[in-house]
Amino acid sequence: MSETAQFLITGVVAGAAYALLSLTWALVRKVSGQLFFLSGSMVVLGVLGTNALTERGWPMAPAVVVVVASAGAVTFAVDVLILRRIARQTELSGTLVMLALAFAMDELLSLGFGPEPRQLAPAVPGPPVSFLGASLQRQQLLIVAATAVLITALVLAGRSRWGKAMRACAENPTGAMLVGIHPTAVRTVGLIIAAALGALSGVLLGPVAAMGASSGFLLSLKGFIAAALGGWGFLGATVAGLFLGLTESLTAGYISSDLKDVVSLALLLLVLLGKDSIRLRRRVRNVRVSDDRREAPLPSHSVTD
Amino acid sequence: MSRIALLTVGACVVAGTVGCSAAGQSSSEKDGRTVYIGAMFDLTGPFAPVGTAERQAFTLAVAQAERDTGIRVRTRVEDSRTSPDTAVKITREFLRDKVSAIVGPTPTQLCDPAHRLTDASRTPMFCITPFPEKTTPSLFLVDAPRVTLVGDVPARFMQKRGWRRVACIYTADAGGKGYADAINQAAPKYGLKVVASESFQQGDTDLTAQLTKIRAAKPDVVYSCSSGANLIAVLKGMAQLRMAQPVFAGHASVNYDIAHLAAPNLPPGGLFSDASPVLIPDQVPSGMAGAAKAKQFADAYVKAHGGKRPDTVAGYVADTVAIIAQAAKAAGSTDRKSLARQIEKTCGYEGVLGRYCFSPANHRGLASESNMIVRWTPTGTFTLTEVLSSQNAPAPSPSAG
Amino acid sequence: MNAPVLQISDLVAGYGAADVLHGIDLHVGGGEVVCLLGSNGAGKTTLARCVAGLLKPRSGSVTADGDRLDGLAPSQRVRRGIALVPEDRGLFGGLTVADNLELGGFRHGRRHAVDRLPLVMDIFPPLASLLRRSAGTLSGGEQQMTAIGRALMADPRYLVLDEPSLGLSPGMTRQILKAMRALADDGIGIVLIEQNAALALGVSDRAAVIQRGRIAVTGSARTLMSDPMVIHAYLGGRGSV
């Protein structure tokens, strides 16, 4: 009986981690339409950088601040030196550039920090806690809480004036220019925030999972799957992440642990093959969670969750 | 300091490494005094931590071999990227370049396709892995067969401790399945039962679902049938689920980097693994084969790498290079076929892992004499806790940890 | 010269190797509606983009109230009182009408937006019931009203509209053009770029025809309405409105 509880709680925690990883993808997609393949590298940078500093005696808080700031600075440099110079002629060329940058960044991390995996000390030390018949690490509770806070903050920020300005840039850069918003500056700010969030995610996840330079790409992919499945909105990505986490956990628990990853990849295939068939919508005040850049009236689809 | 070393290694890899190898340039290998070794290590990809350590050991081993034998060693080092295709491509290049012998690759899934090429051209290849079941005329391995090393040894220890019910959590790839097969074969021989067997993907960090099922099967010991940092995921998951059982670490997880990561995550029942002389040179009983060489190599390694200690994999590389150089010296020629034949005649050579005896029938070389079992400590090191003697004679061992 | 005027002088502009505009002279004063006619490819949109700052001209100048706009980005031109409603309207489809309008006043701060909104509602009453609708779900006419409304939120002195009647019914077009006339009467200078000459000329003070990058004919709207070439090319052969 407590096994079911354990599978469910594990699924929720895994889902929160998925959601955390997907937030940076959703943010960059909203702000500039780009695919943020660098997200995994930023997460890994968060772990490796914080670990490097704390092993030299730095206290946790300043180490995290420095690492998060570095992630932002590195991404700013990448944007100014590379991304801005490459005319985004097609979505494909932009995607390829992002992919190449992600691989290059992983290599640099390996050269700079070494390929060995590292972990972080838990922010909240202590034995695991019991919750509804399941056992959780304290850090995992922190992850779930932090994810909830971040999502709320992002959704609220998206509804603020600046948030709307950022979304406008992704919708229609020319239109944005005509009302006085600088799409280039907005894109850069979006990337920097996403990078910082990625590094912060690394600091949160580091105590739970040892990570090395080669972990980056897989983490990116998980974020991509959750964000794509959720229609690129913050709330959608969260629900999708939870769905993925629970499905994986229950599959591993009740069917077979061999099939765990097959499930999430199959779901991604579903998304790619039928983009319109799985979409999240919220009808509250016509706020649309999913991102849609068509200007023609929408066909009416049934709501699925 | 180590960061600078790493960056230098990285730069060398990028630049193509021939200029960085300790041997440097030398004349053609036909003079019998220069043996040309092609080496491939996984410097990128999931096996990168292993490959980088191997690369460091290789440089040192080449320098030592030249000193010991007077033979010049010319080397070419490539990155096999934990990719079977890359390994095959590199093997082809090495063969075209007419190397005398090949060191590497390491993962099972790379060794399999690569050694088929070397078999065809009769070039000796030393895969740095114990996993291929059968050796072929050109394939040499420097360790005991899989079932022995990762099946019998753990099983014997578990039997000695009275841990009858064994749970195996393995990575769903060739390496992990190799471990699982090995323990499945060995368990009945020692009166053990594998009560649970769960798989996970390489790199997965959340194993609570699998461990929950394992916990329900009430094992006496959990065998981490995986390599590298996967062990850490097992330990963390067990801690979360409050599982107190002892854990036996997979052979390919046994190194000081992983020990450092494992130190804060040790299970109450203890974390154990096999150990080679080169891993614990200060604790090896003095009569044991390999003790002296191991100490010498470990000291040189620590000095050359700023305090970093070598592990068993470094030992594989060191002994492999030494055996190739010794064979070249004894054969008086560095032609590949004579080299292979000479290696087959090498018996009695004492390396850092023990005493080797090759023969045409035995390409594995390492006579399985004693096997040391260590307990992992909260300070990131290993303490010798048991010596399993193959003759069942009482072996010198401190009290069980 | 103190009268407010948007002056385009000898403007040469193009994309890549070729020039599209070969020296355009045009001006619109505050309170005037100037209609710019021309067929596809004549250079109308190129001219609009130059005025808005989306395209840098090769030579010539655009001046607003005596100040040259050379090198100013679109956002800075918004501050100087120039607003463009592009051909595709440039709306933010995923945002609501209210959001689109609010963003129109982005450069001027929140309070300004709050003040301007009622004015825009007066000019386009139907927008009041559409505020919560997503801009991507609007009909053509509703989108056009939103786009113009958004431009008005920045309190412009000069408004350039690129083909506002595109895709609209004649009834809708008349409504929009009537609103433009009202705006001009309030003092805004309007450049109306159109293919649909009949209705546009009816609300314009002056007009010009642009052909292959040059101004071919210019004069009062009434004069052009009876010009045979204009009648033939843009009024369907008849001089009726």
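These are my notes from a look through a predicted model.

**Chain A, overview.** I began with the secondary structure of chain A and found eleven helices and two strands. Reading along the sequence, I noted the pattern α-α-α-α-β-β-α-α-α-α-α-α-α. Chain A has 305 residues, and 54% of them count as buried. I also looked at contacts in chain A between residues at least 6 apart in sequence: 77% of these join residues at least 24 apart.

**The core.** Next I went for the largest nonpolar core, which has 284 residues. The residues with the most contacts inside it are B:Ile169, B:Ile183, B:Val317, B:Val321 and C:Leu192. Helix H1 of chain A (residues 2-32) gives the most to this core, with 16 residues. Domain 1 (32-141 + 299-357) and domain 2 (146-269 + 370-389) of chain B both give residues too, so the core lies between them.

**B:Ile183.** Leaving aside residues up to four places away in sequence, B:Ile183 touches B:Gly151, B:Pro154, B:Ala155, B:Val166, B:Cys168, B:Val194, B:Tyr223 and B:Cys225.

**A helix pair in chain B.** How do H2 (residues 48-69) and H11 (residues 312-331) of chain B cross? Their axes come within 8 Å and cross at roughly 30°. With the cut-off for roughly parallel at under 35 degrees, that makes H2(B) roughly parallel to H11(B). The crossing is right-handed. On the H2(B) side I listed contact residues including B:Val50, B:Ala53, B:Ala57 and B:Phe58. On the H11(B) side, B:Val317 and B:Val321 are among them, and both were already on my core list.

Technical notes:
Residues are numbered from 1 along each chain as its sequence is written. Chains are lettered from A and ligands numbered from 1 in the order in which they are written. This is a predicted model: local features need pLDDT of at least 70, side-chain atom pairs count only at pLDDT 80 or more; totals for chains, interfaces and linings use all residues. A nonpolar core is a set of buried Ala, Val, Leu, Ile, Met, Phe, Trp, Tyr and Cys residues joined through C-beta atoms within 7 Å. A residue is buried if 20 or more other C-beta atoms lie within 10 Å of its own, exposed if 12 or fewer, and partly exposed in between; C-beta atoms are placed from the backbone. Helices (H or I, at least four residues) and strands (E, at least two) are DSSP runs, numbered from the N terminus. Domain bounds come from an automatic or database domain assignment. Two residues are in contact if their C-beta atoms, placed from the backbone, lie within 7 Å. Axes are lines fitted to C-alpha atoms, for helices over the stretch in contact, and angles run from 0 to 180 degrees between N-to-C directions. Angles under 35 degrees count as roughly parallel, over 145 as roughly antiparallel, 65 to 115 as roughly perpendicular and the rest as oblique. A crossing is left-handed if the near helix is turned anticlockwise from the far one by less than a right angle, and right-handed if clockwise.
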